[in-house]
Amino acid sequence: MIKFMKKYNLPLLARFILGAVFIYASLDKIADPVSFSTNIDNYHISPIAINNLAALILPWIELIIGLSLITGVFLDGASILTIGLLAFFIFIITQAYMRGISLECGCFKTAVDPSLGDLRQDMLWRIFEDILFLVLAIIVYFRHAFREIK
Amino acid sequence: MMEKTIKQITFILLLSTLLGLARFYFLKDDDFTLIKVARVLQAAEVQVSDSGEAVFTIPDFMTEPMMASLEFTKYFFDNKKAVFVDARESEEFELSHITGAINIPFDYYDEYMDAIDVLKYDDIFIIYCSGGECSLSLDLADVFFGEKAFENVFVFEGGLPAWQDAGYPTE
C-alpha cells in the first residue's frame with residue numbers, strides 16, 4: 001500500500017484532486033451568493049443573521065484553498081482549513097440527515113437540479129464523498145511524515 | 001512550524017473575508033443584506049362571533065402570503081373553503097398528508113405546472129410542509145402569490161407534524 005502511494009506520489013495527486021474539487025465547488029456559489037444563502041438556511045444549524053455573510057465568504061475560502069492546494073503556496077494552512085471545512089461539511093450534512101431534513105446540499109450547485117432523484121440518497125453520497133476528501137486532505141497535511149516512511 | 005501555519009490560515013481567512021465583502025459591493029440585489037433578517041409573515045386575523053366561536057376572515061387584499069395558525073387551518077379544513085397544498089416531495093406525501101391535500105413539491109414545481117394551472121386564482125390556498133424545519137411551503141407560497149398571482153395564499157407553519165399532533169385527519 002505504502003509502495004503504491006509512493007509510486008504514484010499520493011500527496012501530490014491528493015492536492016490536485018482536492019484543489020480541482022474546491023475550485024469547482026466555489027465558482028457557482030461566488031456567482032450566486034443569494035441562492036447559496038438559501039441553501040445554508042435549509043441546514044437550520046446557524047443563526048439566520050449570519051447566513052448571508054457565510055454565503056459571501058465561504059466560497060472564497062474554498063477558491064483560495066483550491067488554488068493553494070494546486071500551486072503549493074500556503075500549503076500547510078490550506079490543508080488544515082481543508083480538513084476543518086470537510087469535517088464541518090460532514091457534520092452538518094449528517095446532522096441534517098439524522099434530523100430527517102431532506103435538502104439540496106448546495107455542495108457544488110446552488111440551484112436545484114431537477115435531474116436529481118432522491119435527495120436523501122444524494123445526502124448519503126455527499127457524506128461518503130466528503131469522508132474520502134477528508135482522507136486525502138489528511139494525507140496532504142502529513143505529506144512530510146509520509147515521505148519519511150521507508 | 002505551527003505559528004507559520006496559523007499565520008497562513010489567518011491570511012486565507014482575511015483575504016476571503018475581503019473578497020466576500022467586495023462581492024457584496026458588486027452584488028445588485030437590494031434584498032440581500034449583510035446581516036440577514038428572518039422573514040416573518042403576518043398572521044391571518046381571527047374574530048370571535050356572537051356565539052363565542054372563532055371566525056377567520058380573509059383580507060380583501062393581500063400584499064404577500066400570510067401565516068396560518070393551526071386553528072385557522074382547521075377552520076378552513078372543516079368548512080372546505082380552502083385548497084390544501086403539500087409542498088413536500090411525492091414520496092413523503094404518499095406516506096401521509098392532510099386529508100384532501102394536493103401535492104406540488106416545491107423542488108420540482110416546474111413539472112407540476114399543469115396541476116397548478118387548473119387551480120382557480122381566487123381560491124384560498126393553505127400550503128404546508130414538515131413544520132418549523134421546513135421552508136418549502138414558504139417558497140411555494142411565493143411562487144403561488146408572486147409568479148402565479150393567486151390572491152389568497154397562506155402558509156401553515158406548523159405543517160404536518162402540528163396537524164398530526166392535534167389528531168386531525170390525515171390519509
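Predicted model: local features only at pLDDT ≥ 70, side-chain atom pairs only at ≥ 80, totals over all residues.
In H5(A), the residues that are buried are Asp76(A), Gly77(A), Ala78(A), Ser79(A), Ile80(A), Leu81(A), Thr82(A), Leu86(A), Phe89(A), Ile93(A) and Ala96(A).

**Helix H5 of chain A**
- The cover over the buried residues of H5(A) includes helix H2 (10–31), H3, H4 and helix H6 (119–141) of chain A, together with helix H1 (2–25) of chain B.
- H5(A) has 24 residues, which at 1.5 Å a residue should span 34 Å, and this agrees with its end C-alpha atoms, which are 34 Å apart.

**Contact between chains A and B**
- Chain A brings 29 residues to the contact, and chain B likewise brings 29 residues.
- On the side of chain A that touches chain B, at least two residues each come from helix H3 (33–43), helix H4 (51–71) and helix H5 (75–98) of chain A, with H4(A) giving the most, at nine residues.
- Sorted by class, that side of chain A holds 19 nonpolar, seven polar and three charged residues.

**Strand E4 of chain B**
- Strand E4 (residues 82–86) of chain B is mostly covered, since four of its five residues are buried.
- E4(B) pairs with strand E6 (residues 124–128) of chain B in the parallel sense over five bridges, and within this pairing Ala82(B) stands opposite Ile124(B) in E6(B).
- E4(B) also runs parallel to strand E5 (residues 102–103) of chain B, to which two bridges join it; here Val85(B) has Ile102(B) in E5(B) as its bridge partner.

Methods
Residues numbered from 1 in each chain as written. Chains lettered and ligands numbered in written order. Buried ≥ 20, exposed ≤ 12 C-beta atoms within 10 Å, placed from the backbone. Pairing = 2+ DSSP bridges. Contact = placed C-beta atoms within 7 Å. Nonpolar A, V, L, I, M, F, W, Y, C, P; charged D, E, K, R; others polar. Expected span 1.5 Å × (residues − 1).
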